[in-house]
Amino acid sequence: MSNAPTLTDATLDISKGVATLSFNRDDVRNALTGTTLIDDICNTVEWINRDNSVSCLIITGNGKAFSSGGNVKEMRDGNGIFGGSPAEIAENYRRGIQRISLAMHSIEIPTIAAINGAAIGAGFDLTCMCDIRIGSEHTLLGETFINLGIIPGDGGAWFLQRLIGYQRAAELTFSGRLIKADEAKDLGILLELVSAEQLLPRAQELAANFASKPPQALRMTKRLMKSAQRLELADFLDLCSSYQASCHHSQDHQRAINAFLDKTDPEYQGN
């Protein structure tokens, strides 16, 4: 394992192939702007994509909120990424909050959002960028940009409709209303709804299961699922053939086959 990144407003715990990124700015409800959380997220993803010893990432928040998204006081005062001319603000978005969208879309391992509290605006969009979302009775979600007279500038409209379909995404985005955990599960936003005490343990249980699989095949599978969203079937099948050929020549494939036939637990080495 290579050295993990040094983070400022988040903590990173690594255990048995699972990385847990916890936002640590409860004083501002883990806002993504006006803190270093953008850098913390992007640096973590960049490190994970280089380090094959990590096979699953959990993202959660310390305190009452998962993330309140953009700092509304900064919006009011025209500070941070919200300051300057229209051209300057556009560039601020590209060099700021939109880096999260690109990083999360490019991450090569499964991601789980353990939504401990409110995930609002860009905070909600971040959960939609993850593969799996788990909530508790404290989870509160909202695509609330319209309420502030702005649009989902982090790409949220792109992620949300791919998650729950255009019509449902449109209603949430046009209304800007907040939804509680039970409705979020009914809409398919949350995979599971558990008690607050079981939120992180359940996320860790899922992550441990993913991390127990052959690391190379797991990363290839993640890339395939992302590729399937944009490729035509014939092109996608060509990519599957190439990845599969590589898997068949991997030592972990042989380890998996032998363990299956011998009814033993395999120990994978990522090759």
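Ile-38, Asp-39, Ile-41, Cys-42, Val-45 and Asn-49 of helix 1 are in contact with Arg-99, Ile-100, Ala-103, Met-104 and Ser-106 of helix 4, where contact means heavy atoms within 4.5 Å. The residues of this contact comprise seven nonpolar, two polar and two charged; Ala, Val, Leu, Ile, Met, Phe, Trp, Tyr, Cys and Pro count as nonpolar, Asp, Glu, Lys and Arg as charged, and the others, Gly among them, as polar. The model is predicted, with pLDDT of at least 70 needed for local features and 80 or more for side-chain atom pairs, while totals for chains, interfaces and linings use all residues. Residues are numbered from 1 along each chain as its sequence is written, and side-chain values use heavy atoms, with hydrogens and water left out.

Two packed helices are described by the angle between their axes and the distance between the axes. Helices (H or I, at least four residues) and strands (E, at least two) are DSSP runs, numbered from the N terminus. Axes are lines fitted to C-alpha atoms, for helices over the stretch in contact, and angles run from 0 to 180 degrees between N-to-C directions.

Helix 6 and helix 7 (residues 166–175) pack at about 135°, and their axes lie 7 Å apart. These two helices are therefore oblique to each other, and their crossing is right-handed. Helix 6 contributes Leu-160, Gln-161 and Ile-164 to the contact, and helix 7 contributes Tyr-166, Arg-168, Ala-169, Leu-172 and Thr-173. Five nonpolar, two polar and one charged residues make up this contact.

The axes of helix 10 and helix 11 (residues 233–248) cross at roughly 180° and come within 11 Å. Helix 10 and helix 11 are therefore roughly antiparallel. In this pair, Gln-216, Ala-217, Met-220, Arg-223, Leu-224 and Ser-227 of helix 10 meet Phe-236, Leu-239, Cys-240, Tyr-243, Ser-246 and Cys-247 of helix 11. The contact has eight nonpolar, three polar and one charged residues.

The largest pocket has a volume of about 400 Å³. On a 1 Å grid over the protein atoms alone, a pocket is an open set of points with protein on both sides within 12 Å along at least five of seven lines, a cavity is a set of points where a 1.4 Å probe fits but cannot get out, and lining residues have an atom within 4 Å of a point. Grid points are joined across faces, edges and corners, and a volume is the space filled by probe spheres set on the points. Of the 19 residues that line the largest pocket, Cys-130, Asp-131, Met-225, Lys-226 and Gln-229 lie nearest its centre. Helix 5 (122–129), strand 7 (132–135), helix 6 (156–164) and helix 10 (215–227) each give two or more residues to this lining, and helix 10 gives the most, with five. The lining divides into 11 nonpolar, three polar and five charged residues.

The second largest pocket holds about 210 Å³ of space. It is lined by 13 residues, and Ser-68, Gly-70, Val-72, Ile-120 and Thr-144 are those nearest its centre. Six nonpolar, six polar and one charged residues form the lining.

The structure holds one cavity of 30 Å³ or more. The volume of the largest cavity is about 80 Å³. Residues lining the largest cavity include Thr-33, Gly-70, Tyr-93 and Asp-154.

Note on methods: Parallel < 35°, antiparallel > 145°, perpendicular 65-115°, else oblique. Left-handed = near helix turned anticlockwise from the far one by under 90°.
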